[in-house]
Structure formats: structure tokens, C-alpha cells
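Please keep the sequence and the structure in view while reading.

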Amino acid sequence: MRADAVRGHLDGLLLAVLEPGPLHGYAIIAAVQRRSGGALELRTGTIYPALNRLERLGLLASSWQSVGERRRRAYELTDAGRRSLAAERTAWSEFTAAIGSVLNPAAPPRTAI
């Protein structure tokens, strides 16, 4: 899938994979890839700036977790993030319905004779 196809939807993707609970960056990348059936492969250079921006906006909170000798930052949704995800889902439904109605139109209306 083309990288530009994800542009504009990255925030919603990140919020959606964090809905079940906190994840660290590489786990977020893996979750997007798994949930998309391998169609979406996010790069660390894309994901970390987006996670930092979402945290600055108050949609995510992060904390350091230790796993063995390693420390990594885990991200989770805030209440504002959950509201934003709901809005993203509504916007996505409206967007796909509009595009779908253009790409796959219903039978044309009948004209009166």
C-alpha cells in the first residue's frame, strides 16, 4: 500500500491500536501491521514524532517501563484520546461512505417517460 494512502489517517491508526491498552513504539508498529494484514508498515521515523505530537495534544500519556535491563516508553490513551478516536471513527465512516458512493454508485435513478 502506498505510504501517502496513510497520510491523514495516522493519528486514528495510532489511537485505535492503543485503545486496548498501553504499548511501546515497536509494539504499536507491529499492531498496525498485524491488524492491517501486513498492508501497512509504519516506520519509526513516522511513528515517534506522531506519538510525541499526540502526547503534547493530551491525547496520549506515556510512562517508562522496564523490561529486564531495557527501559522503554509505553503510550496509552487519555480520556481526550478516547473521545478523539470516536470522532476519527465517525469521520472515517462518513469519508468512506462518500467515496464509496462515488466509486460504486447505486443504480441510476429512473427517468419519467
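Contact is taken here to mean heavy atoms within 4.5 Å. The model is predicted, and local features need pLDDT of at least 70, side-chain atom pairs count only at pLDDT 80 or more, and totals for chains, interfaces and linings use all residues. Residues are numbered from 1 along each chain as its sequence is written, and side-chain values use heavy atoms, with hydrogens and water left out.

**Overall layout**

- The protein has four helices and three strands, where helices (H or I, at least four residues) and strands (E, at least two) are DSSP runs numbered from the N terminus.
- Along the sequence, these elements follow the pattern α-β-α-α-β-β-α.
- Of the 113 residues of the protein, 27% count as buried, a term that means under 20% relative accessible area, with exposed meaning over 50% and partly exposed in between (1.4 Å probe, protein chains only).
- Among the contacts in the protein with a separation of 6 or more, 46% come from residues 24 or more positions apart.

**Helix α3 and its buried face**

- Helix α3, residues 44-56, has 13 residues and reaches 18 Å from its first C-alpha to its last, close to the 18 Å expected at 1.5 Å a residue, the expected span being 1.5 Å times one less than the number of residues.
- The residues I47, A50, L51 and L54 of α3 are buried. Seen down the axis of α3, its buried residues fall within an arc of 105°, so they line one face of the helix; the arc is that of the directions from the helix axis to the C-beta atoms.
- On the other side of α3, G45 and R56 are exposed.
- The cover over the buried residues of α3 includes α1 (10-18), α2 (25-35), β2 (60-67) and β3 (70-77).
- After α3 comes G58, which has a positive phi, near 85°.

**L14 in helix α1**

- L14 lies in helix α1, and L14 counts as buried because its relative accessibility is 0%.
- Not counting residues up to four places away in sequence, L14 touches I28, L42, I47, A50, L51 and L54.
- Although L14 and L54 are 40 residues apart along the chain, their C-alpha atoms are separated by 9.2 Å.

- The axes of α1 and α2 come within 10 Å and cross at roughly 100°, where axes are lines fitted to C-alpha atoms, for helices over the stretch in contact, and angles run from 0 to 180 degrees between N-to-C directions.
- That angle makes α1 roughly perpendicular to α2, since angles under 35 degrees count as roughly parallel, over 145 as roughly antiparallel, 65 to 115 as roughly perpendicular and the rest as oblique.
- The contact between these helices is made by L14, A16, V17 and L18 of α1 and I28, A31, V32 and R35 of α2.
- Helices α1 and α4 (residues 79-103) pack at an angle of about 125°, with their axes 9 Å apart, which makes α1 oblique to α4.
- D11, G12, L15 and A16 of α1 and G81, S84, L85, E88 and R89 of α4 make this contact.

**Helix α4**

- The 25 residues of α4 should span 36 Å at 1.5 Å a residue, and the end C-alpha atoms of α4 are 36 Å apart, which agrees.
- G81, S84 and L85 of α4 are buried, and what covers the buried residues of α4 includes α1 and β3.
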